[in-house]
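Visitor: Please put the model up, and then I will ask about strand pairing and charged side chains.

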Amino acid sequence: MASFYIPLTGLESDSTALNTIANDLANLNTTGFKAQTVNFSDLFYQQIGEEGSGNLIQLGSGVSTAAIESEYTQGSIVTTGNSTDVALNGNGFFVLGNGSTNVYTRDGNFGLDSNGNLISQSGLSVMGYPAVGGVVNTNAPLSPISIPVGQVEPPSPTTSFGMTANLDATAAVGTTVPGQITLYDSLGVSHVATVTYTKTGNNTWSYSIALPAGEAAASTNTTGTLTFDASGNLTAPVANVAGVGFTGLADGAANMTFSWNILGSGGRPTITQVSSASGVSATTQNGYASGQYQSFTVADDGTVEATFSNGQQLAVGRLALADVANPQGLQLLGGGNYATTLASGNAAVATSGAAGLGTLEDGALEESNVNISAEFSDLIIAQRAFEANSKSVTTFDTIAQETINMVH
């Protein structure tokens, strides 16, 4: 009987709505969870006659679940302080490697496995663009992001140094002004080099660069002359001093060869001679000792940088993001993961902030976007609808029983 079938379709659809609301509420605290909404549609109609005016008399056949749509609105972002947590603010999904295919998620609650690989809570690899020598290649195929946990960064020998100094123009001939700078050899051993300036005449100073006694057997191009004009500007040398070096290092490292960058940014000399106290105000050099891995951070553009105990930072990759033309067509896999389908279209992969994708925030997570007030309101409506359809079933049952009694 249609009298029973119609309310039963209502009970089934209302049950779907109640289950969906219950699932939303159950995932109120699930990272990156997107609430769902159930949409209903009336079923086909049966023509049972016409009015005198010719209008059709049509009888409905009930209701069905037309769609269950996910609400891809932004959830609130909360700070956790955990470097493995990454929040996505805006459109897109993180890319996870699942064997030969990729899946996608909004859940940035990542962790590290025993090999230092960045993984999702479901154990899938977080994918990104690889980096070689600290340089990210966004044209390369995606690969798992690996953090150099427990690794040691090799040392880098000094190949250039600079010194910002003033030499007192009123100093007496024979005055010496020492300046020190720490340099590194190929083994990462530090050497405190001393640059000694000696006034040899008006507007003229000599210099010598030396290591402590016994640290090197010989040196090359470590002496020279600085000449200044009447305004205290350096006039010679006119270029950086190349080929400075020390050979026969006592620690067995390779010979040290570097340049002294007398010219700074814009080609301006970093050494002046004016009537002011002599002294070195700053030094720079590009070498460093070896360093043990300490931590990593994720920049807002997705670049993952490892920090080592020597103060150096090294880019080890860049998180990839993806988006699809029709998010409603994605297949929900559970665990906060999605898979593409024909309805969603293929995922377009790019970097943070590009192609309409959102930006990233390290040490933070995106909360569920479930609106508890709206869910409770929908829960009451779905409950009332279920009760109404239940009442229809009991009413039709009573009518059917009366009909049976009439026959008897």
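Guide: This is a predicted model. In strand β23 (residues 256-260), Trp-260 is the bridge partner of Phe-161.

Visitor: Which strand is joined to β23 by four bridges, and which way do the two run?

Guide: Strand β15 (residues 160-166) is joined to β23 by two bridges, and these strands run parallel. On the other pairing, Gly-245 stands opposite Thr-257 in β23. Four bridges are found with β22 (residues 241-247), and the direction is antiparallel.

Visitor: How many of the five residues of β23 are buried?

Guide: Buried here requires under 20% relative accessible area. By that cut-off β23 is mostly covered, and the count of buried residues is four.

Visitor: Why does Arg-106 count as buried?

Guide: The cut-off for buried is under 20% relative accessible area. Arg-106 counts as buried because its relative accessibility is 5%.

Visitor: Is Asp-301, the salt-bridge partner of Arg-318, buried or partly exposed?

Guide: The side chains of Arg-318 and Asp-301 meet at 3.9 Å, N to O. Arg-318 is buried, with a relative accessible area of 17%. Asp-301 has 26% relative accessibility, so it counts as partly exposed.

Terms used
Residues are numbered from 1 along each chain as its sequence is written. This is a predicted model: local features need pLDDT of at least 70, side-chain atom pairs count only at pLDDT 80 or more; totals for chains, interfaces and linings use all residues. Side-chain values use heavy atoms; hydrogens and water are left out. Buried means under 20% relative accessible area, exposed over 50%, partly exposed in between (1.4 Å probe, protein chains only). Two strands pair if DSSP finds at least two bridges between them. A salt bridge is a side-chain nitrogen of Lys or Arg within 4 Å of a carboxyl oxygen of Asp or Glu.
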